[in-house]
Amino acid sequence: MHLAMIGLGRMGANMTERLVRAGHRVVGYARSAESRQRAVQVGGEAATSLADVMEKLRPPRVIWLMIPAGPTVDQTLQTLVPLLRRGDTVVDGGNSYYRDTLRRVPMLEERGLEFVDVGTSGGIWGRTEGYSLMIGGKPEIVSGLRPIFEALAPGHNQGWGHVGPHGAGHFVKMVHNGIEYGMMQALAEGFALMKRKKEFGLNVYEISEIWRYGSVVRSWLLDLTAAALRGDQELTDVIPRVADSGEGRWTVFEAVELDSPAPVITLALLQRLRSRDDYSYADRLLALMREQFGGHEVQRRT
């Protein structure tokens, strides 16, 4: 098949490479010339503008967006949609909020355009291992894109699937990332606990390698944890500040709205927010409260 990849960051470029290896023609576009060159380096073609993308592909076109969620998607669609023709398909493979996806669908459909939302997981390892694809949209449109999904997934019938109507793909990916938050937090807390048990002199890297085989908690995340610990168990050069992509927040918001308890995911999100509180006003006030009611010593900067 012929398609365009809009957004050639590391993940977009890796996906382009997998598609090209499977025999698909891919025209890549990004704003910077350096990013566009990535498409060429992996066997694709480069376009200098969205209009150039349209000229290089014959209708009906498939346009795969691999760009940051939020306003960037809306801005890209604002420029892209007037260039498209009836029957063209837009695929949003980024981490868009599913409510934004539902908002965008009518705008595209009233112009005779098709839309497919694809929650994409695999990170930097997807290039070799394949991507997990959670797909939302019309069954007949998803079926027509099957060769693309098979090329990107770990196997023809593995790691991808049509999960429901428009918005379902991004919703499932949102929940996937919320679960990921909880799993990561549990692993991090467990290894921190072992690290604090100084009298046992535990080698947490060796323990991670033990757990990777036969253990109930063995997982890809544990594999990556072991790889991170291999070089420096003390993590001396790592700043303890954890970002979030937004999907954990959306998962918590949805859990509240649906009256579906999600305490582990919620606490994992709050811990990430806690890691960014350099000022820590709440902790300062807690220390003063203890001083007020119990006369406990407060450590002060000199």
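Mentor: In this predicted model, the axes of helix 9 (residues 168-196) and helix 13 (residues 263-274) come within 8 Å and cross at roughly 70°. Angles from 65 to 115 degrees count as roughly perpendicular, and therefore helix 9 is described as roughly perpendicular to helix 13. On the side of helix 9, the residues that take part are Gly 178, Ile 179, Tyr 181, Gly 182, Met 184 and Gln 185. They meet Val 264, Ile 265, Ala 268, Leu 269, Gln 271 and Arg 272 in helix 13. Sorted by class, this contact has 7 nonpolar, 4 polar and 1 charged residues.

Helix 9 also includes position 170 within its span of residues 168-196, and His 170 is among the contacts of Ser 96. Ser 96 lies in the loop between strand 5 (89-92) and helix 5 (98-109). With a relative accessible area of 1%, Ser 96 is buried. Beyond its neighbours within four places in sequence, Ser 96 is in contact with Ala 69, Val 73, Thr 101, Arg 104 and Trp 250 as well as His 170. The C-alpha atoms of Ser 96 and Gly 119 are separated by 8.3 Å, and the two residues are 23 residues apart along the chain.

Finally, a word on open space. The second largest pocket has a volume of about 300 Å³. Its lining includes Asp 278, Tyr 279, Arg 284, Leu 288 and Gln 299. By class, the lining of this pocket has 4 nonpolar, 2 polar and 5 charged residues.

Key. Residues numbered from 1 in each chain as written. Predicted model: local features only at pLDDT ≥ 70, side-chain atom pairs only at ≥ 80, totals over all residues. Heavy atoms only, no water. 1 Å grid on protein atoms, 1.4 Å probe; cavity = no way out; pocket = protein on both sides within 12 Å on 5 of 7 lines; lining within 4 Å. Points joined across faces, edges and corners; volume = space filled by probe spheres on them. Nonpolar A, V, L, I, M, F, W, Y, C, P; charged D, E, K, R; others polar. Axes fitted to C-alpha atoms, helices over the stretch in contact; angles between N-to-C directions. Helix = DSSP H or I, 4+ residues; strand = E, 2+ residues; numbered from the N terminus. Parallel < 35°, antiparallel > 145°, perpendicular 65-115°, else oblique. Contact = heavy atoms within 4.5 Å. Buried < 20%, exposed > 50% of the residue type's maximum accessible area, 1.4 Å probe, protein only.
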